[in-house]
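Biologist: I am new to this structure and would like to learn how to read its aromatic rings. Could you take me through them step by step?

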Amino acid sequence: MTITVRRKAAFAAAGLVMTTGLGLVACDATSARETKLSAGDAKTGQAAQSLTAAQIAAGSTRVSGDSANTPVYLIRGYRENNTDTNCADKWTGAVKAMRGWGWTGKFHRVGYYSTDEPKNCVRIAKGSTDTSIKELGKQLAQNIYENYSSKGQSVDIIAHSMGGLVARAAIAGYARHEPGWPPKLLIQDVATLGTPHQGAIVSTFCASDRQCREMGGMNSFMNWIGTRLPQADGGTDWTLIATDRDRAVNSTSAAPQYIGAQHRVRYAGIAGLRHSDLRTRVSGDYRLNYSLNDAGWRHIRTGAPPIRVAMDAIYWSSKW
């Protein structure tokens, strides 16, 4: 079965921007007024994609009917130390929160180090910090193909830090028909959190480590991965999420312009979110800036936490 991915579109014409109905903010185009959206009445039977802009602004949507039942691959980042062994724990808070918000799809917490405890994880490799990110991408692509793409089912990805490069490599190798990659890859949405799309600050301090070197701005892996975000079969919608307080990956690298991202989100420095907070923060209101299709940045004073933004980003198939 062939899956055709419907492209996401902003509600600019309706005066709504960054509108998901799942906890972000609707902005009235005719004034500076901002309205916090809610998840809506749990008894609402109307599918989100059929709601009018006015209904969405009133908080009439909930997680149902769009892609809340899609399998989600949660990909961890670079291992910080040798005692970091449980890839499942990295996403405990995110999974609990997303379940509470109504996500029904299966979660796959991805591990790729030999020390990763396989319990509650999908370990795609038994590597080390010297295993190339490209190789991890190939193994991720094969796992997605074997479990989903070969059966005509699409998946979504939420990835933190280096995990976003693993996801990007998985799709890039497929798009280029590289040896060892599967014949089909269906990845509808990818949301990256603090991913060094154009290099990481921390990479300058770990030159002896292959993965850390590959996260630098100028090297063979970065040359191979290219300057544009790749597309899986049927298309892939990319959301890049960054924070201006990140000391490992600056926001201009985590959410760069002109690489093909449909959506970019940057938390303001005053929000106080750091690198790991992008993966763990599931509550609170935060100042953020957003851009759709490389348009200029717009500001929100009471934006949703990073995991909520990521879930909203992968939820919609025809609206965002």
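Modeller: Gladly, and please keep in mind that this is a predicted model. Let us begin with burial: Tyr112 counts as buried because its relative accessibility is 0%, under the 20% cut-off, and Tyr113, also at 0%, counts as buried too.

Biologist: How many aromatic pairs are found in the whole structure, and what describes a pair of rings?

Modeller: In general, a pair of aromatic rings is described by the distance of the centres and the angle of the planes. A search of the whole structure gives 5 aromatic pairs. For Tyr112 and Tyr113 the ring centres are 4.9 Å apart and the planes stand at 70°, so this pair is edge-to-face. The pair of Tyr267 and Tyr286 is likewise read as edge-to-face, because the centres lie 6.2 Å apart and the planes are at 85°.

Biologist: Where in the chain do Tyr267 and Tyr286 lie, and are they buried or exposed?

Modeller: Tyr267 belongs to strand 9 and Tyr286 to strand 10 (residues 286–292), so that the pair links distant parts of the chain, 19 residues apart. Tyr267 is buried at 0% relative accessibility, and Tyr286 is buried with a relative accessible area of 9%.

Biologist: Which ring does the charged end of Arg266 sit over?

Modeller: The charged end of Arg266 sits over the ring of Trp297, 5.4 Å from the ring centre. Arg266 lies in strand 9 (residues 263–267), and its side chain also makes a polar contact of 2.9 Å with the side chain of Asp244.

Technical notes
Residues are numbered from 1 along each chain as its sequence is written. This is a predicted model: local features need pLDDT of at least 70, side-chain atom pairs count only at pLDDT 80 or more; totals for chains, interfaces and linings use all residues. Side-chain values use heavy atoms; hydrogens and water are left out. Helices (H or I, at least four residues) and strands (E, at least two) are DSSP runs, numbered from the N terminus. A polar contact is a pair of N or O atoms within 3.5 Å; within protein, one must be able to donate a hydrogen and the other to accept it, and residues adjacent in sequence count only if both atoms are side-chain atoms. Rings of Phe, Tyr and Trp (its six-membered ring) pair if their centres lie within 6.5 Å; planes under 30 degrees apart count as stacked, over 60 as edge-to-face and the rest as tilted. Buried means under 20% relative accessible area, exposed over 50%, partly exposed in between (1.4 Å probe, protein chains only). A charge sits over a ring if NZ of Lys or CZ of Arg is within 6 Å of the ring centre and within 35 degrees of the ring normal.
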